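Colleague: I have just opened this structure and would like to learn how to read it. Could you walk me through a few features?

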Amino acid sequence: VRLVASVPGYHRNEHLNRWGHMKLRAILAAEAFSAEFRKAPLVCQFSSLGSLNPQWLKQFTESLSAGHVESSGAARGMQDGPREGGVMPNQQQLGEVDEQLGEGALQLIWPTVEDVRISSEGYSAGCSIPGPAKNVQKEFLSGLWHRWNAAACGRQRAMPHIKSFCRYHGAHLAWFLLTSSNLSQAAWGALQKRDTQLMVRSYELGVVYLPSTLHAAQKTSGTLFCCSGRHSSFPLSHWQGISASQTPPAGPSSNADNNAEGAANTNGPYTSLQLIHRWPAPGLESCISPGAMRITVQVPYELPPEPYRRGQDEPWKWDVRYRMADWKGCHEAAEASHYDHVKVRAVTDFTCRSETMLTCPAREGVWVLHLSIKS
């Protein structure tokens with residue numbers, strides 16, 4: 001994997017591309033991807049929304065859209081494998097500059113009010129999805145919202161706190177990023193001074209999975225880590241030469257992985273996507289030919305995501321009181337919070353009494369705990 005980190009500060013000159021979304025842009029710009037990812041959609045899934053503006057969102061989209069369409073020359077160069085240090089040659093090293101992938105459409109995955117209301121924790125789950133109304137209700141975001149749908153993996157009622165970003169086409173991923181960064185200028189940084197300075201406000205860390213780095217790992221170590229099976233690692237050859245109509249051999253992959261891996265339908269939805277690396281890539285069919293290298297990446301939501309239904313779906317806002325109560329009888333996140341308000345009052349008389357007042361969110365009334373200390 002490649003690390004994508006953020007460090008607070010004003011980053012200029014040679015440090016401009018070391019942090020935040022500019023680091024991700026630099027990584028992707030050096031990669032050659034299959035032609036199927038031309039103008040492919042970009043998924044942003046997060047659990048907190050900062051104060052955005054159209055100018056910054058354009059910067060961020062350009063970073064996520066970086067990358068070149070692989071050419072036959074680049075493919076031949078990469079077929080020779082990694083150079084010293086296990087690094088795959090990119091197009092610039094091969095002396096070729098091909099067309100860019102082009103800007104993809106942003107798809108923002110964010111729970112609806114109804115998702116939070118019927119979740120396993122009710123509105124209190126929304127306390128971990130901080131999206132102020134002033135940030136969520138901005139007009140330029142209205143056409144970008146897509147639904148959180150994790151029904152296929154049994155997590156529909158579990159509200160997300162994961163943050164992930166990817167570019168996909170059908171059942172295939174160009175790349176996948178798992179990170180601590182939410183969708184905010186503070187986390188990813190904002191370009192300033194005619195794009196010569198990146199201002200970052202918070203510390204973040206993420207890992208981006210790329211086909212070229214996975215191939216280099218196989219050449220150098222022979223195994224890859226697996227987090228969804230009986231074994232901690234497995235040879236990459238396990239995934240080679242498997243047609244789309246077959247399931248992988250018994251071993252580290254889970255049943256859910258097998259089902260997604262064996263699906264030939266390219267219309268979705270998918271919960272396990274293939275991160276593929278192959279050359280040359282004349283078309284989508286090449287991914288099922290012997291020698292194709294495919295790594296299953298488990299994601300906790302379905303792709304492609306479903307856009308919000310006009311007039312029915314409302315993006316979650318954590319500082320709003322809602323008309324419909326959740327299953328606990330609460331109408332807002334603050335009312336249902338796990339962190340009940342605490343009030344302490346000291347009375348000096350013959351005894352010193354401390355009264356800790358705990359609100360009862362599910363019904364009217366107050367629980368009062370008296371702690372008496374003799375003076």
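Colleague: Let me start with a pairing. Which residue stands opposite Phe165 in β8?

Modeller: Cys44 stands opposite Phe165. Before we go on, a word on the source: this is a predicted model, in which local features need pLDDT of at least 70 and side-chain atom pairs count only at pLDDT 80 or more, while totals for chains, interfaces and linings use all residues. Residues are numbered from 1 along each chain as its sequence is written, and side-chain values use heavy atoms, with hydrogens and water left out.

Colleague: How many bridges join strand β4 to β8?

Modeller: Two strands pair if DSSP finds at least two bridges between them. Strands themselves are DSSP runs of E with at least two residues, and helices are runs of H or I with at least four, both numbered from the N terminus. Here, four bridges join β4 (residues 42–45) to β8, and the two run antiparallel. On to the next partner: six bridges link β8 with strand β9 (residues 172–179), again antiparallel.

Colleague: What do β8 and β9 form together?

Modeller: They form a hairpin with two residues between them, and Gly170 in the turn has a positive phi of about 60 degrees. His169 has His172 in β9 as its bridge partner.

Colleague: Why is β8 described as largely enclosed by the rest of the structure?

Modeller: Buried means under 20% relative accessible area, exposed means over 50%, and partly exposed is in between, using a 1.4 Å probe and protein chains only. In strand β8 (residues 164–169), five of the six residues are buried, so the strand is largely enclosed by the rest of the structure. Across the 375 residues of the protein chain, 50% count as buried.

Colleague: Where does UniProt place the feature "active site"?

Modeller: The unreviewed UniProt entry puts it at His161; such annotations may be inferred rather than shown by experiment, and positions are given in the numbering used here, with feature names shortened. His161 lies in the loop between β7 (145–146) and β8. With 48% relative accessibility, His161 counts as partly exposed.

Colleague: Which residues is His161 in contact with, leaving aside its neighbours within four places in sequence?

Modeller: Contact means heavy atoms within 4.5 Å. By that rule, His161 is in contact with Ser47 and Ser128, once neighbours within four places in sequence are left aside. A polar atom of the His161 side chain lies 3.2 Å from the backbone oxygen of Ser128.

Methods: Polar contact = N/O pair within 3.5 Å; in protein donor to acceptor, adjacent residues only side chain to side chain.
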